[in-house]
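Subject: Handing over a structure

Dear colleague,

I am passing this structure on to you, and my notes follow below it. Please look through the model first and then read the notes alongside it.

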Amino acid sequence: MIHGLVLERHEQSDRKAQAAAMSVMDKAFDPAFGEAWNLSQLAGMMAMHGSWLTLAKLDAAVLGFALVRSIFDESELLLLAVDPGWRGRGIGSALLNDCIALARTRGIAMMHLEVRADNIATKLYKNTGFLHVNTRPDYYRGNDGKLRDALSYRLDL
Ligand SMILES: CC(C)(COP(=O)(O)OP(=O)(O)OC[C@H]1O[C@@H](n2cnc3c(N)ncnc32)[C@H](O)[C@@H]1OP(=O)(O)O)[C@@H](O)C(=O)NCCC(=O)NCCS
């Protein structure tokens, strides 16, 4: 983990935090897959009760973020992204573990997520203890026209 990395949690409609997340969003997601959200999608999700956005910051620079929604005792990791120039240094793991820790303190019983089968993030989720619970064949259509499976994972908290 990077020395000095700070994880900052935001709830409700914090425009500055949303803009910071968007600055990473635009760099982090490969346009080939069309997985990045736009600002209005992000703002809409953050306006919902039970959603939170965690920013990973080093000094003033925002290097990554995670977006989670929760309802009653269930949660879903919706997005996890790290600036491409800062990958492989533990920021993604730190964000994921912080979301898991916060969910636990809130009495949330499980965390779900869904990810494209050929995404390297599957390794991170498995290493963190998520169980593969379902496969949706040919679920995602990339901008390249190719179909890819979606994998659903669950972590009991
Ligand atoms: C997935 C993502 C958030 C990981 O962020 P990161 O900061 O690089 O992650 P970490 O450094 O904490 O690595 C965590 C684990 O992921 C795996 N991993 C991450 N990048 C990897 C790579 N390029 N090659 C192989 N394994 C990799 C490893 O298992 C690693 O653990 P290890 O170092 O103990 O082996 C980042 O790659 C990303 O932003 N991807 C684009 C957005 C995306 O697709 N998000 C997921 C779906 S929402």
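**A loop residue to begin with**

F29 is found in the loop between α1 (15-28) and α2 (39-46), where helices (H or I, at least four residues) and strands (E, at least two) are DSSP runs, numbered from the N terminus. Please bear in mind that this is a predicted model, in which local features need pLDDT of at least 70 and side-chain atom pairs count only at pLDDT 80 or more, while totals for chains, interfaces and linings use all residues. Residues are numbered from 1 along each chain as its sequence is written, and side-chain values use heavy atoms, with hydrogens and water left out.

With a relative accessible area of 16%, F29 is buried; here buried means under 20% relative accessible area, exposed means over 50%, and partly exposed lies in between (1.4 Å probe, protein chains only). Leaving aside neighbours within four places in sequence, F29 is in contact (heavy atoms within 4.5 Å) with E35, A36, L79, L80 and A81. F72, by comparison, is 43 residues from F29 along the chain, and the C-alpha atoms of the two are separated by 30 Å.

**A buried serine**

Is S75 buried or exposed? S75, which is found in strand β4 (residues 74-82), has a relative accessibility of 2% and therefore counts as buried. When neighbours within four places in sequence are left aside, the contacts of S75 are V68, R69, S70, A103, I108, M110, M111 and H112.

**Salt bridges**

Side chains of opposite charge can pair when their charged atoms come close. A search of the whole structure finds 11 salt bridges, each defined as a side-chain nitrogen of Lys or Arg within 4 Å of a carboxyl oxygen of Asp or Glu.

One of them joins E8 and K57, with the closest N and O atoms 3.3 Å apart. Because E8 lies in strand β1 (residues 5-11) and K57 in strand β2 (residues 51-58), this pair ties together parts that are 49 residues apart in sequence. E8 itself counts as partly exposed, at 27% relative accessibility.

A salt bridge also links R148 with D144, where the closest N and O atoms are 3.0 Å apart; R148 is buried, with a relative accessible area of 14%, whereas D144 counts as partly exposed at 42% relative accessibility. The side chains of D156 and R154 meet in another salt bridge, at 3.1 Å from N to O, and here D156 is partly exposed at 46% relative accessibility, as is R154 with a relative accessible area of 26%. Salt bridges that share partners also join E35, R116, D118, D144 and R148 into one network.

Y140 stands opposite R148 in β7.

D138 has its place in strand β6 and is partly exposed, with a relative accessible area of 45%. Not counting residues up to four places away in sequence, D138 touches L147, R148 and D149; D138 and D149 are 11 residues apart in sequence, yet 4.5 Å apart in space, C-alpha to C-alpha.

How values were computed: Pairing = 2+ DSSP bridges.
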